[in-house]
Amino acid sequence: MTSKLGPDAWMRAVASLIFALPLAGCGRHDFVTRVPDARPSEVIRNVRVFDAPHAVLLDGLRDVVVRDGRIVSIAAPGVAAAGLAEVDGHGGTLLPGLIDVHTHTGGSAGPPWVTELPAQEENLGAFLYAGVTTVLDAGALTPAIFELRDRVRNGKVLSPHLYAAGPMFTAPNGHPVGLMRANLPFWVRWYVLPRIAREVETPAAARQAVADLLADHPDVIKIAADDLVPGEPRISTDVIAAIVARAHEGHVRVVAHIGQSRDVIDTVGAGVDALMHDVYTADITDEAVAKIAAAHVPVVATIGIWDAVERLGTVPAEAHSPITREIARPAALTALAAFPNDQERERLTAMSKSIRDGHAARRTNVAKLRAAGVTILAGSDAVNAGQFPGAGLHDELAKLVEAGMTPGEALRAATYDNARFLAGAQAEFGSVAPGWRADLVLVDGDPTADIASTQRMTHVWLDGVELVRHARSAQ
């Protein structure tokens with residue numbers, strides 16, 4: 001169905017701002033199912049094991065024993081494992097389950113000129129299909145996202161382990177509110193606006209809004225500091241500081257959507273705990289890099305989402321990555337390949353110029369941050385236009401390697417480092433290690449030599465239970 005939204009909807013007005021509405025998509029595809037009668041205990045034999053903390057493979061082949069959803073041992077081949085089911089890894093590489101710390105699970109990857117109903121549970125299944133076993137939803141309607149998180153944690157929804165921020169805190173009519181107010185249909189605007197954002201103008205209002213949200217137990221609180229559409233109101237530094245202070249009183253960390261170096265200085269100076277984008281349209285300033293490094297604030301680079309915006313309307317279906325083609329609806333790929341008309345092409349081309357101009361800077365900015373000792377985390381910003389659930393993280397890994405990280409370092413970002421960001425030093429996921437949660441992915445090849453090997457998955461386990469993967473083309 002062709003969207004009636006105006007051209008300013010190009011960034012996220014449909015794709016990520018109507019996410020999580022209580023509407024069901026048609027013809028939902030189940031990307032994963034559990035192996036019938038599967039138990040969370042087995043031995044995985046003859047595998048190379050990725051040592052996530054050190055970003056390298058352990059020497060030689062190993063057998064990995066899993067009991068009751070936990071890794072019990074990593075042993076030499078032939079370890080005794082009486083009574084356990086066995087999987088022969090045939091020399092493949094065993095990775096921790098991948099972790100995506102910037103997602104919008106209720107979004108749509110179709111282009112902004114096509115309106116799709118949300119298919120949130122299908123998206124969650126797609127993440128699992130792609131070996132992504134933990135996600136942080138960095139902006140969604142509340143309380144629906146917290147209710148979904150509880151259903152996931154109670155085992156009622158087959159899903160990656162789900163963390164959630166809930167609504168974004170912003171200035172009155174700031175991002176994303178102004179964009180939605182101008183472009184969303186009236187019949188959905190009234191529902192979305194109060195649930196997707198908290199518009200706060202004063203420190204007192206900000207503190208109260210945070211206090212109210214804490215009752216829903218958000219895993220992080222997110223601030224939108226960027227004017228995604230130039231000229232939008234921006235949240236003030238005293239309001240940011242009030243949000244951070246009240247959240248920290250409640251033992252909840254704060255993350256910030258940023259776009260420019262000034263946003264970095266404002267948010268890091270106010271005490272935020274992580275940045276949910278790197279500077280994406282220009283070179284990051286030395287002052288901004290120094291601020292981030294001095295505060296030990298990690299940065300979720302999200303190179304891929306801006307590259308996806310650049311490519312809207314220009315990419316033939318066959319040019320997408322293999323994992324994307326296994327997950328995407330063919331109609332979505334067709335729609336992404338061409339503009340519906342010349343007017344849409346001209347408008348989008350004009351609006352995305354600064355993002356296209358920042359293509360090289362996004363990569364050098366990651367290199368500058370790494371050189372300063374900043375931790376880079378891996379997040380896809382899926383599900384958004386051109387960025388598909390699960391597949392987007394594999395594409396992001398490739399972008400991080402383009403930016404100078406080794407494949408092993410990119411994998412560590414998407415496993416061990418992301419886990420420690422979500423759960424702290426006590427995290428028991430994100431590494432293949434005794435006592436840790438058996439969220440695991442077996443791939444054909446050596447992803448520390450060729451990052452594209454992550455897309456050649458043969459097995460996925462969630463809490464020690466093997467999942468059966470169903471590509472959309474097999475439907």
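## The β19-β20 hairpin and its neighbour

Let's start with strands β19 (residues 457-462) and β20, which run antiparallel and are joined by three bridges. Within this pairing, Leu 462 has Val 465 of β20 as its bridge partner. Two residues lie between the strands of the hairpin, and Asp 463 takes a positive phi near 55° there. Keep in mind as you browse that this is a predicted model.

Strand β20 (residues 465-469) also pairs with β1 (residues 32-34), again through three bridges and in the antiparallel sense. Here you can find Thr 33 standing opposite Val 468 of β20.

## A parallel sheet of three strands

Elsewhere in the chain, three strands form an open sheet in the order β8-β9-β10, with parallel pairing. Strands β8 (98-103) and β10 (161-164) each have a single partner strand and stand at the edges, so one side of each is left without a neighbour in the sheet. From one strand to the next, the twist averages 15°.

The pairing of β8 with β9 (residues 132-137) is parallel and runs over four bridges. One place to look is Leu 98, which stands opposite Val 132 in β9. Helix α16 (residues 407-423) packs on this sheet, where the helix touches β8, β9 and β10. The direction of α16 makes about 65° with that of β8.

## Nonpolar cores

The largest nonpolar core of the model has 101 residues.

Leaving aside residues up to four places away in sequence, its contacts include Phe 169, Val 210, Leu 213 and Leu 214. Ile 221 also touches Ile 243 and Ala 247, as well as the run Val 252, Arg 253, Val 254 and Val 255.

## Confidence along the chain

How much of the chain reaches a pLDDT of 70 or more? The share is 93% of the residues, and the mean pLDDT of the chain is 91.

Residues 1-25 are a stretch to treat with care, with pLDDT below 50. In the model this stretch has 91 contacts beyond near neighbours in sequence. Where pLDDT is low, predicted coordinates should not be read in detail.

Technical notes:
Residues numbered from 1 in each chain as written. Predicted model: local features only at pLDDT ≥ 70, side-chain atom pairs only at ≥ 80, totals over all residues. Heavy atoms only, no water. Core = buried A, V, L, I, M, F, W, Y, C linked by side-chain atoms within 4.5 Å. Buried < 20%, exposed > 50% of the residue type's maximum accessible area, 1.4 Å probe, protein only. Contact = heavy atoms within 4.5 Å. pLDDT = per-residue confidence, 0-100. Pairing = 2+ DSSP bridges. Axes fitted to C-alpha atoms, helices over the stretch in contact; angles between N-to-C directions.
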